[in-house]
Every structure is written in C-alpha cells, then in structure tokens.
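Biologist: Could you walk me through how to read a few features of this model? I would like the general idea, then the case at hand.

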Amino acid sequence: MKLIKNAAGRFVPIEINGQKQIPFQGVNKYKPTGRKTGAPIKSCVDFPTDGNKVVRNLRDALKKAGLKDGMTISTHHHLRNGDALTNYLFDTIKQMGIKNIRWFPSASFPVHKHLIKYLENGTIHHIEGSMNGPLGKFTSLGKMKGIGVLRSHGGRYQAIQDGEVKIDIAVIAAPTADEFGNSNGVIGPSASGLIGFALADSEYADNVIVVTDNLVPFPCIPWQIQGNNVDYVVKIDSLGDSSKIVSGTTEVTKSPDRLLIAEYVAQFIEEAGIMKNGFSLQAGAGGTNLAFVLYLKERMKANNIKARFMRGGSTKYLVQMLEEGLTDYILDGQTFDLEGVRSMRENPNHVNTSPFTSYNFHGKGNFASIVDVAVLGATEVDINFNANVVTHSDGYLLHGIGGWQNCLYSKCTILAIPSFRDRIPVIVDEVTTLCGPGELIDVIITERGIAINPLRKDLLKALKKSSLPIKSLNKIKNEVDSICGLPDKPKLNKGKVVAVVKWVDGTVLDSVCQVVE
Amino acid sequence: MKEKNNKASAGKRGNDIRSDCYIEIERKSSGGLKTDIKSKVNSMFGNSIKEQVEEMCSCFNIEHSKILLEDNGALPFVIAARFEAAYKRLNPDETKEFLPKMLRQNKYHTEKDKLRRTRLYLPGNEPKFFLNAGLHKPDGIILDLEDSVAPTEKDSARILVRNTLRSVDFYGCERMVRINQGQNGIEDLKYIIPHNVNVVLIPKCELVEQVTETILEIRKLKVEHKIKNEVYIMPIIESAKGVINAYEIASSSPGICGLAIGLEDYTADIGTQRTPDGKESFFARSMVVNAAKAAGVQAIDTVFSDVNDMEGLRRSVIEAKSLGFEGKGCIHPRQIQVVHEAFAPSIEEIERAKKIVLAFEEAEKKGLGVVALGSKMIDAPVVKRAQKTIELGLLNNIITEKWRNETN
C-alpha cells in the first residue's frame, strides 16, 4: 500500500478500498468545488396514491430496493446500545445470500459485536463510520476485509453531499412513523429523542426504508424525517431495548478527581470572560461533562447570567437549566436520557438539530463555530495540543469521532481529561492517532493543571491572575511521567493500515495501523 | 496469605481492582526463576514491570521460585510494596527493605501550630486513593493503618504506607499516619518514622502511658536514623476514660500538637448512638476543647460521615468552630473545600485582624514594646490570633497578599 506524508506529518494511503484519496492539507486548506450529488429522480405517480408504503417485512423491502452484492447500506445510532434493528438487518442480508456490503453507520456500539461474524464470513466488507469496542478490536487486529473509514458526524454529511459515499439503501429506525414514511424519535416505546443523524441519508440515498415499531395513522407529527423522501415502510415488533436506548439515568461522576477537573472547567469559563449574558456552550454526556455544567450553573446563578443556547447531547441537567430559565434554548444533537426525550417532546425551545445544521463542512456555515465554548474529552493529547479520540495508547481502536472534530471549531475548545488513567499517561509526546490538530484545541484541563495553547494569547492574558493551576503542557507531562514512568510505544505493523481517520473536509488526516499482539 | 510455608501472596486481584496488583511467590528447590506477568498495561509497561520484578528478586536474593504477578495498573511503588509483603510472608525473618526513592519534594517539615482545618483520611491499603489526594488541598493527609485496614493485611499495609511516604507527592500537605493501638502501633512506627512523617495519630488514647510509649519509640527510631526534626503527636480521644484524662494526655509532652476526638467509638463506649443534634457528645467535645486549650494545643473535631450531605457538613463545621474546634476530619476529598469555607473568618473578623496586625507591625517598626490600638493595649496572644485570621483570609481568597495596601 502506498503511503504519503500529509500536511500534519502523518503517513496516509492515497487509495482506500479502491477509492482515490486526498491527504490532509491543513485546517481549512481544502475546499472541493463542483456540484453536490443528489438522489435519483423519482415520481410521485410511482408510489401508492393512498400514501401507504408499508411492505410485508424487511426482506421484501430490501428486495424491492434492489439489494445486491457490494452495495452501501446505512444505519444510524440514535438507538445506541439498545439497537436491535441493525443486527436484525444483517441477519436478513445474510439469509438473502448477499455479500461484501459496505456498512455505513453513523456510529456503532458494543451491541453490534453480533456483526463480527458477518465481517468474518464476508457479508460485510468493511465499516465506514465508527468502530467501537469489540468492532474496534476486530479491526485493529487486521481482521476486516476492507479498510475502515472513521468520520465525524459532520464529515459523514460532507461525504454524502460531495459524493464520496453513495448510499444505495438507507435503513432508518423510526421510534414512530406513519405508513407514508413520516417519522420521529420523540414518541413510542423506543423513543430516542431525535433522529437527525438519518436526515442526510433520507435525502441522498437511492432507496430509503423506514422501520418502525410504532406505526401511527398519517400524519405522524412531528415529522423529523419527511415521508416524501421514503420509499418503503416496514413494521416490526421492537426496535430494541429501550432501557439501553436512553440510559434512564445519566449520573454525574462521583470520582473526586473528575469533579475537581469539572470545577476547574467551570472556573475557567467564568474567569476567561466566556460566561456572560447571551453566551453559548456545548456539553456532552461524560461524567466530567455533566459535572462541569452543574458547577457552571452555580456560577451563572450567583452572577445572574443567562445563556442564549446550549448544545447537547441533552441530559436532565441541561433540561433543568432550560426549565429554570438559565438558557433560552437547547439545540440538541442527540438525547441521552428520558428527561431529554420528554423535554424535546413538550418544550418548543428544546430544538431538534442535525449534523447538517450543526456540523456540515459543505453548509453555508454551521452552528459549531458559533458556539462560545465546547468542553470535550480525548483519549490522548500531545505536547503540541494534538488530540486523539479513536484509539487508546495501546493502539487499539475503541471509540468513534462523533461530533468531536466538528466541535473543535468553537470559539474556545476545552479538553477536560485526567492526566493519566491507571498507569497510562494521557499526555504524550506524540498522539497514537491524530484526530484533531492542536491549532484548534485551546485549553487542556487536567486534575494536575491547566494548559492554555500558546496560540491563545488572549486566554493567557485573561487568566494571568487566576488562582487556577495554569502550567505548560510540558510541565504537566513531566509530572505524570515521573509518576507513571515512560511507556513503551504500542507494537504496530506500520505497513498495514486497518482504518483511516478523515478530517471534516474529507481529506485523510491519519492512518490506524494493525496492532501486533 | 501463607500456605504450606513455600508459597505466599500479597495484594489484590480481580477485575474491579484498580491501581493495585497481586503477587504470589512460590519457593522451589530447583529450576531457577520463573515469572508469569499478566498486566492490564502490558503493551506499555510490560517490560518495565519485568525489569522491576528482576530487580526485586536480586535485592532479596530470590532463586528457584515461581512468581505470579497480576497487575491492574499498579505504579512501581505499589508493585514493590506488594512484592516485599509477599516475600516477607514467605520469609518472616527477613529484615532487609526495598526502599523506593524518596521524592525531593516530600522532604518538608511542619510546625506545631500549623493550620489543621482538614485532615483527609485515606485507607492505608488502598493505593488508588493516594496519588491525587494532595491535589484536593487538605491541610493534612492521614494514611490510616488502623480501622480501615483488615487485621490480616496490617503487614502489607505498613510496607505500602512506607513506600507511599517516599514515592507519592503530598503536594505540601502535612504528612500524617494513624498507627494501630497497642504493640501493633509501636511496630508501625518502624515503618513510618524513618520516612519523614510529620504527625503520628494515636487512636483510642485514654492513658498518658500510651503517649509516653509512642514517644519513647519515636525517640529511639530518631536516634537510630539520625532524624533531627520534630515528629508531632495527635492523640485521638475515643472513650469515656479518654475524655476524663484528656487534659493529662494533652499536656503530657511538648511534642503534642493537638487533641482530636472520635465520636463513633465514644458514643458506643457510653452506650448511646450519634444523633444529628449531638447532645450525647456535647460534654465530651467540650472537654476535649477545654483540655486542648488548657494544654496550649489544637482541638480537632470528629469526621462527618455522610459524604453526600454537604449542607449538614457545613452546619457541623460551624457548630464545631463555635465550640472552639480548629479542625475537622474528612473522609472524602469533596468535604475539604466545604470545611475550609466554613472555618473561614467573616469579613468583620478580618477587618479587626487587619487593624491589630497593622498596629503590631507599626509598634515593631518603632521598636515599641507594647501594641496599642486606639487607647487599648493588645496582648501577644491576640496578635497571634489576628495573624492566624489573616492567614485564613489569604487561604480562602477573602483577601490578597496586598491586603496592607487595600485596607480602608
């Protein structure tokens, strides 16, 4: 395989799974031109005039959609670890004797380890999406037939829009749908909140199949997915395990060290002057991320500050902020608990968004860069502020990118991370896999100190008199190294690329190599 | 644990274990050294763990043995402690110690009247809590060898605590150890006194003899190890008898820096239970405060055991402060800040302290023997108290270092 060095100094393939690639050229350097791709032209007269598109079962729908070997099939992760549909989908595809599918999920979860046998027997050729948990390990050991492609949520939209990925059949899990195909995620036994991850697929795929376990008479209100884009509707008994779709309880971390990090984050946001009337923030669902929101809430109340909007992953904690009047809106990308689902269903100021509005590189702007502060995690950062979210220091793929890369465009990007986990240092000389260029990462907050990117002279100045433990990243790293010792590098087969990490513009940012056991 | 005299183990094993390891050493008559290392961090630290095991084997001249190590991310000082404990269970007569490097930043000493608002208790056999304890900025960290360590693990915990005193950064917090009762506690001292412990806590103290015995052993160890600096003593009163003897205990030695009270055992001893309003312990707490003050040492209150009730904790500290206590035990890092805030002086207290300290400094500059504020003379203890208030104000960010220029 031919590898070349990209603008980030990383060696990346120029061809993946038979498709030519463009190596990363630098942040905001690559802007493809031409016209966006589109779905094939269809006519309403070819669809039932009574609007009833229900077919007998998923197998029939796939047959009608013309399923063939080598096609690209997309699914979405709003059912999270409760998803039963994707596993059922590939059981059906296997029964139909179809091979070499390119699976294009918006993310994968541990529940999808069921699909490993289909990767082994050739039903699935490779995954373009995320390779979490068991699928990540499988991929890292070089067992997948093709090369995996990891994209951000925004990068997935970009790849669909500029034709890098043509979806043959989109299979959309709809917690509620009508027979015309209108669907939403806020109602039904498998309610997941919203289904914005499926929006691009509904608009660009050749064929769109909506699968629901809660079929209602037309019209399904609200319609987060428009039936006018849908070819077939299938009713099944259950989309999955609702207790794992939304966790029901999302709890704040109890770890005193994580809470200390969260407190530092809240104090930093206030002292940097970010917390002022009308500000905005992006929160997530990790234990530290939930906790910083609570500490920030105390500071906002004490200073009589109100935010204009907060971006989720929503949880009950964001919902409380909305209901207590501490923010005008929640602009929600996915809903992590039952309170989030309820709020989205009942409160018009809890708004459903999609990767198009939030993250898309080919949009005429997106929300990510409007946000004042984003608090994110990482598995590793290096002394140049570069960060990794997909592999661990042992080289194994374990996580997807999610919206992480896209959120780096916020006005202040903070990574809130422990300085080491068990004995494994999180701050390293060079990240195992590059997912986010350091120039976009402004602050790293650990329990041992806070490092501000030297490029952010404004932040350095604003925090000059702070009581926070502001240090250089090198100093924090040296302290951690003296505790843990210097780790050996992971044993990787540099000649065998098992997956690549795309940047938000579609270029190849880094390669993930096979782990030698 | 020991089995048949040719096999012994130490440490913890299992999937839910973090930052610790399990080591088993089996003595053989021949066949050389065989090591079997399983580590959660093998790809990064497998080689360094192997090297460490080899180093330990050569230190203790171990030959012809089978060594099993199951590691869940233990740091080198923990691996060393577990190895040494397993080896000594197999060879109880071994006196040699494998001492990890003493960190340069751990060599500080403290003062008798140092602030001791918060002392964070850490179970002495749980290494995962040690590393970051100092980051939460308690005034002191207590490595506990007593109640939190199972009787069968005392030997292993001693070695771990010894290594912790050397290898873990205490970030300037006062370095304390709570030893066991009786002879066990005297034995504990051998493992801690040579490694720069600042304060030794004596549990269930009810007789002056307990203090005297401890001090004699410390003195002996100090001579043996050529230690010059003071090791302070903090007896903990936890029984009816202890309360009655509190003054004698507190005044029994100039090395005593404070007197603490432990109410769990005390209430059991007088045959009652702890209640939220604490009437049952009012007498004991007042006795301890009074005895401490009469002896010129600090009075330190018991722990607040509901780690989720921060409001209750705050109220209990304010009450303790009103009774005359100067510190509180903490059992969770999240309690530290709440206790510090509750012990913080009020604005009025600070304003008064500023005036006194400025008057004192002015008198000093002029070489005057007496300090006067307006027409009132001010005694030395009042000046000292005001200086402490200023220190607390600084620590709680109520005033800045420039307070002298900012007075109104």
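This is a predicted model: local features need pLDDT of at least 70, side-chain atom pairs count only at pLDDT 80 or more; totals for chains, interfaces and linings use all residues.

Biologist: Now the contact between the chains. How many residues does it take from chain B and from chain A?

Modeller: In general, an interface is often sized by the accessible area lost when the parts come together. Here we can count residues instead: chain B brings 20 residues to the contact and chain A brings 19 residues. On the chain B side, helix α1 (residues 42-59) gives the most, with five residues. That side of chain B is made up of eight nonpolar, nine polar and three charged residues.

Biologist: On to sheets. What is the strand order in the open sheet of eight strands in chain A?

Modeller: The general idea is that strands of a sheet pair through backbone hydrogen bonds, either parallel or antiparallel. In chain A, the open sheet of eight strands reads β19-β18-β17-β16-β20-β23-β27-β28, and its pairing is mixed. At its edges are β19 (350-352) and β28 (449-452) of chain A, each pairing on one side only. On average, neighbouring strands in this sheet are turned by 20° against each other, direction ignored.

Biologist: Are β23 and β27 of chain A parallel or antiparallel?

Modeller: Parallel: β23 (residues 413-416) and β27 (residues 443-446) of chain A pair over three bridges. To find one of them in the viewer, look at Ile414(A), whose bridge partner in β27(A) is Val443(A).

Biologist: And which helix lies across β27 and β28 of chain A?

Modeller: That is helix α15 (residues 473-484) of chain A, running at about 145° to β28(A).

Biologist: Which elements of chain A make a right-handed β-α-β unit?

Modeller: Follow the chain from β6(A) over helix α2 (residues 85-95) of chain A to β7(A), and you have traced that right-handed unit. Its strands, β6 (residues 72-75) and β7 (residues 101-105) of chain A, pair in the parallel sense over four bridges. Thr75(A), for example, has Pro105(A) as its bridge partner in β7(A).

Biologist: Which residue in β10(A) is the bridge partner of Ser74(A)?

Modeller: Ala170(A) is the partner of Ser74(A) there. Strand β10 (residues 169-174) of chain A runs parallel to β6(A), and two bridges join them.

Terms used
Residues are numbered from 1 along each chain as its sequence is written. Chains are lettered from A and ligands numbered from 1 in the order in which they are written. Two residues are in contact if their C-beta atoms, placed from the backbone, lie within 7 Å. Ala, Val, Leu, Ile, Met, Phe, Trp, Tyr, Cys and Pro count as nonpolar, Asp, Glu, Lys and Arg as charged, and the others, Gly among them, as polar. Two strands pair if DSSP finds at least two bridges between them. Axes are lines fitted to C-alpha atoms, for helices over the stretch in contact, and angles run from 0 to 180 degrees between N-to-C directions. A crossover is right-handed if, with the strands pointing away from the viewer, the path from the first strand over the helix to the second runs clockwise.
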